[in-house]
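Please keep the sequence and the model in view while reading.

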Amino acid sequence: GSEEAGLDDIALAVKYAFLQDWESQTHASIGVGYEFGIGDDDTLGGDDEFRVFGAFNKGFDRSHIGLSVNALFASGSENVNGDSDRLSAHLHYDYEVNDTFSPIVELNYYKTLNNGSPVSPFGGLDLGNFGGNEDEDSLSLALGGELRVQRDLAVRLGYESPLTDSVDLWGYRWTASAIWRF
């Protein structure tokens, strides 16, 4: 219902893929990054965050399973939206039906590590940092698919549903992403 518009924050990260075994379809990476809170408060921007993340992926012929974990730590001067530290973990499964399409199932977990400076009685999960929600975990299930439109370009679409009754901004939602491999 909001008619606000504005710039979001910008994040930069470095990822090191320390394990790339194509024969056994085993891959692992770690990384660090920083989100610069240059975005507008009206569009939930303005959060400075230090990020640490890791991922492990294993393939079994046409099936693939992956786990990624992200830790987000508020840093610097936060805006009016809050400044809690957060953790998320994502378990992913896909099956390559053919060279063009893969159905996807994902289980997503969010945990607020501390309340920081809460501005609301609920958390923002992956949408924004509102502080608060330290005592509640959120879990969701997403079903969707990946369409590979070119060799190095794929588009994903999924429908995500909450599995917990946490007090947060979670709801039923569609998510889309594009993956460019280079």
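A salt bridge here is a side-chain nitrogen of Lys or Arg within 4 Å of a carboxyl oxygen of Asp or Glu. The side chains of Arg151 and Asp152 meet this rule, with an N to O distance of 3.6 Å. The model is a predicted one, in which local features need pLDDT of at least 70 and side-chain atom pairs count only at pLDDT 80 or more, while totals for chains, interfaces and linings use all residues. Residues are numbered from 1 along each chain as its sequence is written, and side-chain values use heavy atoms, with hydrogens and water left out.

How exposed are the two partners? Buried means under 20% relative accessible area and exposed over 50%, with partly exposed in between (1.4 Å probe, protein chains only). Arg151 has a relative accessible area of 75%, so this residue is exposed. Asp152, at 30%, is partly exposed.

In total, the rule gives nine salt bridges. Side chains of opposite charge can pair when their charged atoms come close. Another of these pairs is Glu146 with Arg156, at 2.6 Å from N to O. This pair links distant parts of the chain, ten residues apart: Glu146 is in strand β7 (residues 137–150) and Arg156 in strand β8 (residues 153–162). Strands (E, at least two residues) are DSSP runs, numbered from the N terminus, as are helices (H or I, at least four). Glu146 counts as buried because its relative accessibility is 6%, whereas Arg156, at 24%, is partly exposed.

The strands belong to an open sheet of nine, in the order β1-β2-β3-β4-β5-β6-β7-β8-β9, with antiparallel pairing. Two strands pair if DSSP finds at least two bridges between them. At the edges stand β1 (10–21) and β9 (173–180); each has a single partner strand, so one side of each is left without a neighbour in the sheet. Neighbouring strands are turned by 20° against each other on average, direction ignored. For such angles, axes are lines fitted to C-alpha atoms (for helices over the stretch in contact), and angles run from 0 to 180 degrees between N-to-C directions.

Twelve bridges join β3 to the antiparallel strand β4 (residues 63–74). In the hairpin of β3 and β4, two residues lie between the strands, and Asp61 in the turn has a positive phi of about 60°.

Thr26 lies in β2 and counts as buried because its relative accessibility is 12%. Leaving aside neighbours within four places in sequence, Thr26 is in contact (heavy atoms within 4.5 Å) with residues including Leu19, Gln20 and Phe56.

Which residues form a salt-bridge network? Glu35, Glu49, Arg51 and Arg86 are linked in this way. Glu49 and Arg86 have their closest N and O atoms 2.0 Å apart. This pair joins distant parts of the chain, with Glu49 in β3 and Arg86 in β5 (residues 86–95), 37 residues apart. Both Glu49 and Arg86 are buried.
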